[in-house]
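Hi,

Here is the model I said I would pass on.

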Amino acid sequence: MTSVRRLVACLSITAFAMTFSTYAADDKDKKTPTTKEIMKKVPGKNGLVAKTSTAAKDGNWDEAQKDGKELKTYSEALSKNVAKKGDKESWEKHTKGFSEIVTEIADGADKKDNAAVQAGVKKFGATCKGCHDAHK
Ligand code: HEC
């Protein structure tokens with residue numbers, strides 16, 4: 001290879017790597033839901049936690065496992081988000097608690113263990129106020 005060709009090859013690899021990393025960053029930004037979006041999806045009467053709870057009670061494990069997986073995706077996103085209010089340490093503590101409870105619900109669904117799912121659902125309902133007081 002002449003040095004010019006080597007340089008061209010090198011530049012095009014760099015360009016490709018740069019394009020790819022920019023693309024990956026954009027893609028990730030689009031896919032990470034905001035805290036507000038997560039709060040519309042996860043809690044509440046028609047939220048994912050309630051859906052998982054009902055599916056588990058009905059023994060509809062395919063549905064409960066699917067919802068459990070989705071819950072985990074949301075809890076990972078929540079941990080990556082930055083709180084608009086409150087300090088970072090407190091946010092980490094609350095999002096860690098959120099993620100532990102969601103994991104308990106999802107694992108309960110994976111094991112087809114309704115009691116474990118409902119125990120997680122009950123704990124989840126007690127997390128709202130602490131986090132909202134500090135961060136909402
Ligand atoms: C880990 C922290 C955390 C936990 C736990 C949490 N929330 Fe939130 N929630 C927030 C934050 C932060 C906001 C404000 C989001 C914003 O407006 O950007 C919010 C906003 C909301 C909103 C308003 C959404 C909107 O449309 O503006 C609702 C409703 C809500 N939460 C319900 C709940 C309920 C119910 C629970 C418990 C079952 C809960 N949240 C648990 C952090 C949390």
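Which residues does Q65 touch, not counting residues up to four places away in sequence? They are A109, D110 and K112, with contact meaning heavy atoms within 4.5 Å. I'll come back to Q65 below.

Some housekeeping before the rest. This is a predicted model, so local features need pLDDT of at least 70 and side-chain atom pairs count only at pLDDT 80 or more, while totals for chains, interfaces and linings use all residues. Residues are numbered from 1 along each chain as its sequence is written, and side-chain values use heavy atoms, with hydrogens and water left out.

Now the overall picture. The chain has 7 helices and 0 strands; helices (H or I, at least four residues) and strands (E, at least two) are DSSP runs, numbered from the N terminus. Of its 136 residues, 28% count as buried, where buried means under 20% relative accessible area, exposed over 50% and partly exposed in between (1.4 Å probe, protein chains only). If you take the contacts between residues at least 6 apart in sequence, 64% of them join residues at least 24 apart. The chain exposes about 9,400 Å², and carbon and sulfur atoms supply 58% of that (Shrake-Rupley method, 1.4 Å probe; for residues, only the protein chains shown count as cover).

Next, the metal. The iron atom of the ligand has M39 (SD) and H132 (NE2) as its protein donors, 2.0 to 2.3 Å from it. Donors here are N, O and S atoms within 2.8 Å of the metal (3.2 Å for Na, K and Ca); water is not among the atoms, so sites may look incomplete. M39 sits in helix α2 (residues 35-41) and H132 in helix α7 (residues 128-135), so the pair links parts of the chain 93 residues apart. The iron site has 6 donor atoms with angles of 86 to 179 degrees, and is octahedral: for six donors, that takes opposite donors over 155 degrees apart and all others between 65 and 115. M39 is partly exposed at 33% relative accessible area, and H132 is also partly exposed, at 31%.

Then the aromatics. There is 1 aromatic pair, counting rings of Phe, Tyr and Trp (its six-membered ring) with centres within 6.5 Å; planes under 30 degrees apart are stacked, over 60 edge-to-face and the rest tilted. The pair is F98 and F124, edge-to-face because the planes are at 75 degrees, with the ring centres 5.4 Å apart. F98 lies in helix α5 (residues 88-110) and F124 in helix α6 (residues 114-125), so the pair ties together parts 26 residues apart in sequence. F98 is buried at 8%, as is F124 at 7%.

Back to Q65, which is in helix α4 and is buried at 19%. A polar atom of its side chain lies 3.0 Å from the backbone oxygen of A109. K112, one of the residues that Q65 touches, is in the loop between α5 and α6. K112 is exposed at 52%, and its phi is near 55 degrees, a positive value in a residue other than glycine.

Last, N81, in the loop between α4 (61-80) and α5. N81 is buried at 14%, and its contacts beyond four places in sequence include T32, P33, I38 and W91.

Cheers

How values were computed: Four donors count as tetrahedral if all angles lie between 85 and 135 degrees; four count as square planar and six as octahedral if opposite donors are over 155 degrees apart and all others between 65 and 115; anything else is irregular. A polar contact is a pair of N or O atoms within 3.5 Å; within protein, one must be able to donate a hydrogen and the other to accept it, and residues adjacent in sequence count only if both atoms are side-chain atoms.
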